[in-house]
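I set out to record what I looked up in this structure. The entries follow the order in which I took up each topic.

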Amino acid sequence: MTSESSSGDEASDPKPNPITKPPEDQLSALALSDTDGQENGVVYETPRGNEINNEEEAALTNSAPPGPAEAEESSEGGGGGGSGGGIVWARTNSEVEVDGPESPSSSGYAGGRGSSSASSDGSGIDEIAEVRNHGVVDGVSEAQTPWVPGKRHVDEDDASISWRKRKKHFFILSNSGKPIYSRHGDEHKLAGFSATLQAIISFVENGEDRVKVVRAGKHQVVFLVKGPIYLVCISCTEEPYESLRMQLELIYGQLLVILTKSVNRCFEKNPKFDMTPLLGGTDIVFSSLIHSFSWNPATFLHAYTCLPLAYATRQAAGAILQDVADSGVLFAILMCRHKVISLVGAQKASLHPDDMLLLSNFVMASESFRTSESFSPICLPRYNPMAFLYAYVHYFDADTYLMLLTTSSEAFYHLKDCRIRIEMVLLKSSVLSEIQRSMLDGGMRVEELPLDPLPRSGSFSPHLGHHTLPTDSPDRFREPYDGVGGPAGLWHFVYRSIFLDQYVSSEFSAPISSPRQQKRLYRAYQKLYSSMHERGIGPHKTQFRRDENYVLLCWVTQDFELYAAFDPLADKVVFFFTISCFFTLFNYAILALAIKTCNRVCQWVKDVENEIFLLGASPFSW
């Protein structure tokens, strides 16, 4: 017997049809709320792609109180504005754009300021928070409770003070103003608010423009129009516009995974078409994806990560997957949580890393996949957004699962036989036990960064090429490093292989051990990536940024990207520099030490690439 996925009441049909029942009555007439006279920045995109900054009143964010401006100093080395060959220096605590004086109001969003009068259940990230309270950054406290998937705050609507103070909202609505999804609150209670968002988009489109972002104080309202489907993010988390827009793109991609782009035909036949019944039970999928925006580098790197394994173990897994791929399977993917163990595809078939992210999120967030073997229609937006593939999913244990993708809706029993063959080989070759061992050992740790490049003739322990020195080596009795973080104050790093579209990141350790600190570092990497790849200015090759939290270094070459975080007080001299030239020399000294450490990290990654990357597979170019 097959077990269908819980992706939606009607999502199992490869060609979803419009609902035969008459849709709900059209929403009431739209009325934009009056503004308080504050001027907010509105950025439009013309049909030719040029951006025009107009000072307009934004009805949606009229009452968002801007915060105080914080200075940012930035200069590009090499004298070039767009050559990408210089070093970008930045000393900043905030990158928030402020467009007007502070003007509190009794209505609208107050998440930018925070309020001690608001109540919160403390059940998640980006919730109500007094940002000036001790131990709270970006709405995350040291004592926050574990994240719980699923719909949140369903009793709230746009009239609730607590709803307005949420630091980050996501909305999906139709071009007729019908709400489809809301991160916080009940969609049906937010019908009027959705109609307001739709009115803003339609008003701008009537002027033959496209609204991209509205900035009001610390808030950004980011819009993404995908045919008859509108996506909106309202955020005061200081994330870059490019990052928020990419998050909306991923949410739209997750929608296509469930329904395909052919759902647009339903809106062409009936502009008042209600999509929500097709998405029944998928709130947990969207909430899980949104949660990953706070911890998963794959959401902005457009790359996937692999579970560290011995080369022979990964080859054994890949060999059996290749056998089943040759028997008519389009893609065979073995994963452990969000990490890839092995992946093979049919000839000339490529799988985009974003599709892997959305597919793994869909599988891990759906409880039905864990309870029995499942055969479910899914769409890969980057592969073919208009058609369904069919995924056979089976969990070997609580963390390890197999996905077999095919174009045939009648292939369940064939894929089941393939799974039995795969499972027998994985058990016989001890691959599953090695996977569990790797989960316990963890990944690369900055404390284990070799002091010198590893000689090729040495022997390696099972954990990530940890080198065993010869007995006659003078370094054998060297005292191990026992400070906080790694050598030279290295706290964490992320390395992305451009050719492989894969990345590896070090394990979190002290002092980045709490969810609050990890999320803050993730946001710092996110801003660094955005500034390095900023259109019209980048891409840069190197960027060095220092603030009170980190010393950050980004290094981009044609082969890799490296993002590294260092202790801001590492190797600090005992007296303070007050003259600007001395300060510059001090920064260059720190930069030289950081670059030297990054070179060692790159060499380390190269030495253990057989264990941390999936090699030998075709590059996933698109």
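**Entry 1: terms and model.** I count a residue as buried under 20% relative accessible area, exposed over 50% and partly exposed in between, with a 1.4 Å probe and protein chains only. Helices (H or I, at least four residues) and strands (E, at least two) are DSSP runs, numbered from the N terminus. I note that this is a predicted model, in which local features need pLDDT of at least 70, side-chain atom pairs count only at pLDDT 80 or more, and totals for chains, interfaces and linings use all residues. Residues are numbered from 1 along each chain as its sequence is written, and side-chain values use heavy atoms, with hydrogens and water left out.

**Entry 2: strand β16.** I looked up how far strand β16 (residues 389-395) is covered: 7 of its 7 residues are buried, so the strand is largely enclosed by the rest of the structure. L389, A391, V393 and Y395 point one way, while Y390, Y392 and H394 point the other way. I then took its partners, where two strands pair if DSSP finds at least two bridges between them. Strand β15 (residues 374-378) runs antiparallel to β16 and is joined to it by 5 bridges; here I378 stands opposite L389. With β17, strand β16 pairs in the antiparallel sense over 6 bridges, and Y390 has T406 of β17 as its bridge partner. The link from β16 to β17 is a hairpin through 4 residues.

**Entry 3: nonpolar cores.** A nonpolar core is a set of buried Ala, Val, Leu, Ile, Met, Phe, Trp, Tyr and Cys residues joined through side-chain atoms within 4.5 Å. I asked which residues touch the most other members of the largest core. They are I229, I251, M275, M403 and L405, in a core of 82 residues. Helix α3 (residues 241-259) gives this core its largest share, 11 residues. A second, separate core has 28 residues, including L334, Y390, F396 and F412. I then listed the contacts (heavy atoms within 4.5 Å) of L405. Leaving out residues up to four places away in sequence, L405 touches V329, L330, F331, L359, I378, L380, L389, Y390 and A391. As background, nonpolar side chains tend to be buried together in soluble globular proteins.

**Entry 4: helix α5.** I found 8 of the 10 residues of helix α5 (residues 283-292) buried, so this helix is largely enclosed by the rest of the structure. The buried residues are V285, F286, S287, S288, L289, I290, H291 and S292. They pack against β7 (168-174), β8 (179-182), α3, α6 (298-301), α8 (353-365) and α12 (515-532).

**Entry 5: helix α11.** In helix α11 (residues 431-441), I found V431, L432, I435 and S438 buried. Seen down the axis of α11, the buried residues fall within an arc of 115°, so they line one face of the helix; the arc is that of the directions from the helix axis to the C-beta atoms. Their cover includes α7 (311-325), β13 (331-336), β14 (339-345), β17 (400-406) and α10 (412-428). G442 follows α11 and has a positive phi, near 80°.

**Entry 6: backbone.** Most residues other than glycine have a negative phi, and most peptide bonds are trans. I looked up R337, in the loop between β13 and β14, and found its phi positive, near 55°. R337 is partly exposed, with a relative accessible area of 42%. S430, in the loop between α10 and α11, also has a positive phi, near 65°, and is partly exposed at 36% relative accessibility. The peptide bond from A510 to P511 is cis, with omega near 10°; P511 is in the loop between β21 (502-505) and α12.

**Entry 7: cysteines.** How many disulfides (pairs of cysteine sulfur atoms within 2.5 Å) does the structure hold? I found 0. For C598 the nearest cysteine sulfur is that of C602, 6.7 Å away. C598 is buried at 1% relative accessibility, and C379 is buried at 0%.

**Entry 8: confidence.** The protein averages 75, and 66% of the residues score at least 70. Residues 44-143 have pLDDT below 50, and this stretch has 252 contacts in the model beyond near neighbours in sequence. Residues 467-483 are also below 50, with 15 such contacts.

Key
Disulfide = S-S within 2.5 Å. pLDDT = per-residue confidence, 0-100.
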